[in-house]
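Let's take a friendly walk through a protein model, going from the whole fold down to a single residue. Please keep the viewer open as you read.

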Amino acid sequence: MHGTVAEGRGPVRYGPPAPGPGLPVLPELADVLAGAVGRTDPEPPGGGAELRAAACGYWLRRGLRADPDLVAAAPGAQPLLFALLAAYGGDILLPRPCPAWWTPQARLLGRPAYHVPTPAECGGVPDPYALLETVRRVRAEGGLPRILVLSVADDPTATVAPPETMREACEAAVGEGLHIISDETWRDTLHRPHDTVLFSPAEMCPDDVTVLSDLAGALTPSGWPAAVARFPATERGVQRRARALDVLTALGSVMAGPVAEAAAYALNEPDPVAVRTRRAAAVHGAVAAAAHRAVLAAGAFARPPQAGRHLYADLGPLRARLAARGVTDSMELEEYLTARLGAPAPGGHRFGDELGALRVRLATGPLLGSTPEQRAQVLDAPDPLALAHVAEALEAFGSALDAL
């Protein structure tokens, strides 16, 4: 997390970033960026033709046809989501919990945002019945619910919504006239891609879904901000893309030329990128599974992580022991575990969860090594857990939890 522990209790600027990969930059990707450092002109608002065409190819390989004229790019998911929310208008519904950066975008726009509980089996999507009830209540109070933001592979819970759950949520949303913004940042980080079925809402409701993807999820370093959005092929989709480009232009939110060239290279997924993406997902999956076992062994709860570089733990069963240490809510839990683990452990309150719930997001990146050499080793190891430094990090992680 940015800032100090004391500062990190609430302000947006000290909120938790997405979990970092903890891995070296792909050399071929670095070469593309280095080869473009002489380019001084930025991309036009919404991205240039080459970048948008690469994004179309990326989506086509995932079963989603896209028109370059219905694609927009921006320097990061935050400004792009801000532009989408501004373009679509209305009150916003979010699952609870949800990524820490979603709600601030609504607040900056002065829009009401309502959190809807998620089903027991996964995060990322609202329970359809709770969604319908929330929409009814908001309208009864004079609100105008128009947007549902959801994620197919979720931060913070690291789960993937089953297709039937996703379909029910999407049908409920579309039936109530909501437009869906599907954050698919983590879709390429599945730990077991052959055992996990992932469907985009855009496959189910093509006219009512805008897809958003932050390339930092799997393709590019987080320090090279790049994100793309796919608008539906409808007249309203054309109009809303134009409105989103107006917002990006007004903000001066354009991608740096060298970053755009690296992003286009990554979106084209040549062999080095594809291999690194698969290997990184497998490494984080193995470490996340081990961390999940440690959480359960300590007496806490967590859904089995399926994607991403983290897991979401509920330490509610340890409430009495934590209270004896002065930990009674998720803010205090964040402070306590961050100190014990020596790595950021943002509490559930940052993700829209209840303050009194003792939930925390635990990242796997810090468990991959403390030096560039150690982090590079995990990519080549047949079994990352057999590496001495990974085993030691997991042992320290488990010990910190066992002490509770």
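The paragraphs below cover the overall fold, then a cavity, then one threonine.

This is a predicted model, in which local features need pLDDT of at least 70 and side-chain atom pairs count only at pLDDT 80 or more, while totals for chains, interfaces and linings use all residues. Residues are numbered from 1 along each chain as its sequence is written, and side-chain values use heavy atoms, with hydrogens and water left out.

The protein has 14 helices and ten strands, taken as DSSP runs (helices H or I, at least four residues; strands E, at least two) numbered from the N terminus. Its radius of gyration is 21 Å, close to the 22 Å from the globule rule for 404 residues, so the protein is as compact as a globular protein of that length. That radius is taken over C-alpha atoms, and the rule is 2.2 Å times the number of residues to the power 0.38. Along the principal axes, the C-alpha trace spans about 60 × 55 × 40 Å. Of the 404 residues, 57% count as buried, meaning under 20% relative accessible area with a 1.4 Å probe, protein chains only.

How about empty space? Rolling a probe the size of a water molecule over the atoms shows where it is left. Residues lining the largest cavity include Tyr58, Asp188 and Leu219; lining means having an atom within 4 Å of a point on a 1 Å grid where a 1.4 Å probe fits but cannot get out.

Finally, find threonine 134 in helix H5 (residues 128-140). Is threonine 134 buried or exposed? At 6% relative accessibility, threonine 134 counts as buried. Leaving aside residues up to four places away in sequence, threonine 134 touches Leu93, Tyr114 and Val116, where contact means heavy atoms within 4.5 Å.

Terms used:
Buried means under 20% relative accessible area, exposed over 50%, partly exposed in between (1.4 Å probe, protein chains only). On a 1 Å grid over the protein atoms alone, a cavity is a set of points where a 1.4 Å probe fits but cannot get out, and a pocket is an open set with protein on both sides within 12 Å along at least five of seven lines; lining residues have an atom within 4 Å of a point.
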